[in-house]
Amino acid sequence: MELTSLLLEVENHIGVITINREKSLNALNKSVMDELDFLFGEHLATLDLYGVIIKGAGEKAFAAGADITEFMALDTASGSALSAKGHRIFMQIENFHIPVIAVIHGYALGAGCELAMACHMRIATPKARFGQPEVNLGLIPGYAGTQRLPLLIGKSKAIEYTLTGDMIDANEAHRLGLVNYVEEDASAKATELINKIAQKGPIAVKNSIQAINAFYDGSKDGAAFEIDIFGKSLASEECKEGVSAFLEKRKANFRG
Ligand code: COA
C-alpha cells in the first residue's frame, strides 16, 4: 500500500510513523486509519524493528481528533461501523509485539488522544494538550476513549474530562498518569526507552504486553493467561539464555 497520509521512516531499528496532515492538525481521516491498519496489521511485522514511535507533523498537533469533515455523511449504522473499525485498529496497536510509543508535542484531542492511549507509552513535551472534546460536538469518544481513559487516569477524572471536554496540560497529564514522561526532547526519551527494552528478551516483551492487556480484556481471563504464558516462558530458549547469563555473571544475548 502506498502511504499518502502517514510517513514511515526506519532508523536504527526504530520505525517512526508521522501523521502527515499538518493543515488539518493531523486529523485522523479514513486514509490515516486505513494506513495505520496496513502498518500495524501487515507491514511493520515484516521489518526488523525494536519499537515504533508515532508522532504528528508540524508544530501544533499530534492529532486534533477524527476528521470532523467526514461526520456529516454518517448515519447510525455507518457511525457504529466507523467506531468498530477504530476499536479494531487501535487494538492492533495496543497488542503490537514491540513497544509503541506516542510522542506528543501539541494537541492530542478526541481520536488523537485515543490513538495516544492505545500506544504502550506516551511521552509529552511541555506544550502537549490532551482531551476528549467530543461532547462539544454532541458526540462521545468513539475509538475506545471511554474505555481507556478511566483505565489510565481513574473513573472520576475520566468522567470530568469527558463531560466537560476540557483540555489537560502536559504536567496535569503526567500527574494523572496519562503520560509517562514530560520531556523537551520527547523523541529522544522514546528512543532511549525502546533501546533499553531491545536489550530484553523479545518474546518476554511480547508476552508481557499481551498479559497486561489480557488483564482488562473482558473476553479473556487475565490471570489464567499469565499462568499459561509464565509456564511456557520458563521452558523457552529465551529464558534458558537469560537464566544462564545470570548464573554465569554475563550479559544475556537474546537476539543471537
Ligand atoms: N477535523 C478536521 N479538521 C480539523 C480538526 C478535526 N478534528 N481539527 C482542526 N481542524 C482543521 C480546522 O478546521 C482548520 O482548518 P482550516 O484552516 O481549513 O479552517 C485547521 O485544522 C486549523 O485548525 P484551527 O481550528 O484553525 O486551529 P486553532 O489553533 O484555532 O484551534 C483546536 C486548534 C485544536 C483547538 C481546534 O482546531 C479544534 O477544536 N479542533 C477540533 C478538536 C475536536 O473537537 N476533536 C474531536 C473530534 S471528534
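This is a predicted model: local features need pLDDT of at least 70, side-chain atom pairs count only at pLDDT 80 or more; totals for chains, interfaces and linings use all residues.

Q: Which backbone atom of Ala66 lies 2.9 Å from a nitrogen atom of the ligand?
A: A backbone N or O atom.

Q: What part of Lys60 comes to an oxygen atom of the ligand?
A: The side chain of Lys60 does, through an N or O atom at 2.6 Å.

Q: How many residues surround the ligand?
A: There are 16, and the closest are Lys23, Lys60, Ala64, Ala66 and Ile68. Each has a heavy atom within 4 Å of the ligand, so it counts as near.

Q: How do you know where empty space is left?
A: A probe the size of a water molecule is rolled over the atoms, and this shows the empty space.

Q: What is the volume of the largest pocket?
A: About 440 Å³. Of its 25 lining residues, Ala66, Phe71, Glu134, Leu139 and Ile140 are the closest to its centre. Helices H2 (76–94) and H3 are the elements that give two or more residues to this lining. The largest share, five residues, comes from H2.

Q: How do the residues of the lining of the largest pocket divide?
A: Into 14 nonpolar, eight polar and three charged. Ala66, for one, is in the lining.

Q: Why is the second largest pocket said to lie between domain 1 and domain 2?
A: Domain 1 (6–197) and domain 2 (202–247) both give residues to its lining, so the pocket lies between them. Its volume is about 380 Å³. It has 19 lining residues, and Cys119, His120, Ile212, Asn213 and Tyr216 lie nearest its centre. H3, strand E7 (121–124), helix H4 (145–153) and helix H8 (202–215) each give two or more residues. H8 gives the largest share, five residues.

Q: Why is helix H3 called largely enclosed?
A: Eight of its eight residues (111–118) are buried, so the rest of the structure largely encloses H3. They are Ala111, Gly112, Cys113, Glu114, Leu115, Ala116, Met117 and Ala118.

Q: Is Ala144 buried or exposed?
A: Buried means under 20% relative accessible area. Ala144 is at 9%, so it is buried. Ala144 lies in the loop between strand E8 (129–131) and H4.

Q: Is Lys249 buried or exposed?
A: Exposed means over 50%. Lys249 is at 76%, so it is exposed. Lys249 sits in the segment after helix H10 (237–247). Its phi is positive, about 55 degrees, although Lys249 is not a glycine.

Q: Why is Thr162 called buried?
A: Its relative accessible area is 16%, under the 20% limit, so Thr162 is buried. Thr162 lies in helix H5 (residues 155–164). Thr162 and Val135 are 27 residues apart in sequence, and their C-alpha atoms are 7.2 Å apart in space.

Definitions and conventions
Residues are numbered from 1 along each chain as its sequence is written. Side-chain values use heavy atoms; hydrogens and water are left out. Buried means under 20% relative accessible area, exposed over 50%, partly exposed in between (1.4 Å probe, protein chains only). Helices (H or I, at least four residues) and strands (E, at least two) are DSSP runs, numbered from the N terminus. On a 1 Å grid over the protein atoms alone, a cavity is a set of points where a 1.4 Å probe fits but cannot get out, and a pocket is an open set with protein on both sides within 12 Å along at least five of seven lines; lining residues have an atom within 4 Å of a point. Grid points are joined across faces, edges and corners, and a volume is the space filled by probe spheres set on the points. Ala, Val, Leu, Ile, Met, Phe, Trp, Tyr, Cys and Pro count as nonpolar, Asp, Glu, Lys and Arg as charged, and the others, Gly among them, as polar. Domain bounds come from an automatic or database domain assignment. A polar contact is a pair of N or O atoms within 3.5 Å; within protein, one must be able to donate a hydrogen and the other to accept it, and residues adjacent in sequence count only if both atoms are side-chain atoms.
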